[in-house]
Amino acid sequence: AAEGGDDGEPKKEKKKKKKKEKTRITYQKYQNISSLIALHLRLREDRGEEAMAWKDVTAWYIEQNEDEFSSEDEVQQEIHLVNQVITRLIKKDNVLIYSGDVEGVDKQDRLLSVHPNYEASST
């Protein structure tokens, strides 16, 4: 009964990894989102304010652009997109870094800061 499913246990099949749907955005849109976020965080740091939690950065971005959305669906899509851009800014582009503890802290509650070597521009 070790190989088959005769003992009431379903046969373990190799799970096919679900292909993640790749999100595509224009470079211009990516630049716009990343620049706004980096500039906002840098200005906060320059004023001596605390680092912002990931979810607060996302909420701030959505609030800044709320006029562009005509439905809750569009807002949810944009939140998803902004979260993906933030992930890329941390993992790939090294524009944003975590500030403070990340161990045991939910991703959305982690504090974000601009990397000290990153030059934020307003363009």
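In the predicted model described here, E78 is placed in helix α3, where helices (H or I, at least four residues) and strands (E, at least two) are DSSP runs numbered from the N terminus. The model is a prediction in which local features need pLDDT of at least 70 and side-chain atom pairs count only at pLDDT 80 or more, whereas totals for chains, interfaces and linings use all residues. Residues are numbered from 1 along each chain as its sequence is written, and side-chain values use heavy atoms, with hydrogens and water left out.

E78 counts as buried because its relative accessibility is 9%; buried means under 20% relative accessible area, exposed over 50%, and partly exposed in between (1.4 Å probe, protein chains only). Apart from neighbours within four places in sequence, E78 is in contact (heavy atoms within 4.5 Å) with K29, I33, Y61, I62 and F69.

Two of these partners, K29 and I33, belong to the part of α1 that meets α2. Helix α1 spans residues 27–46 and helix α2 residues 54–64; their axes come within 11 Å and cross at roughly 115°. Axes are lines fitted to C-alpha atoms, for helices over the stretch in contact, and angles run from 0 to 180 degrees between N-to-C directions. The crossing of α1 and α2 is right-handed, a crossing being left-handed if the near helix is turned anticlockwise from the far one by less than a right angle, and right-handed if clockwise. On the α1 side, K29, N32, I33, L36, I37, H40 and L41 take part, and they meet V57, W60 and Y61 of α2. By class, this contact has seven nonpolar, two polar and one charged residues; Ala, Val, Leu, Ile, Met, Phe, Trp, Tyr, Cys and Pro count as nonpolar, Asp, Glu, Lys and Arg as charged, and the others, Gly among them, as polar.

Within α2, the residues W54, V57, T58, W60, Y61 and I62 are buried. The buried residues of α2 pack against α1, β1, α3, β2 and β3.

The strands form an open, antiparallel sheet of three, ordered β1-β3-β2, with pairing assigned if DSSP finds at least two bridges between two strands. The edge strands, each pairing on one side only, are β1 (52–53) and β2 (96–99). Two bridges join β1 to β3, and M52 stands opposite L112 in β3. Four bridges join β2 to β3 (residues 111–114); L96 has V114 as its bridge partner in β3. Helix α3 (residues 72–91) lies across β2 and β3 and runs at about 85° to β2.
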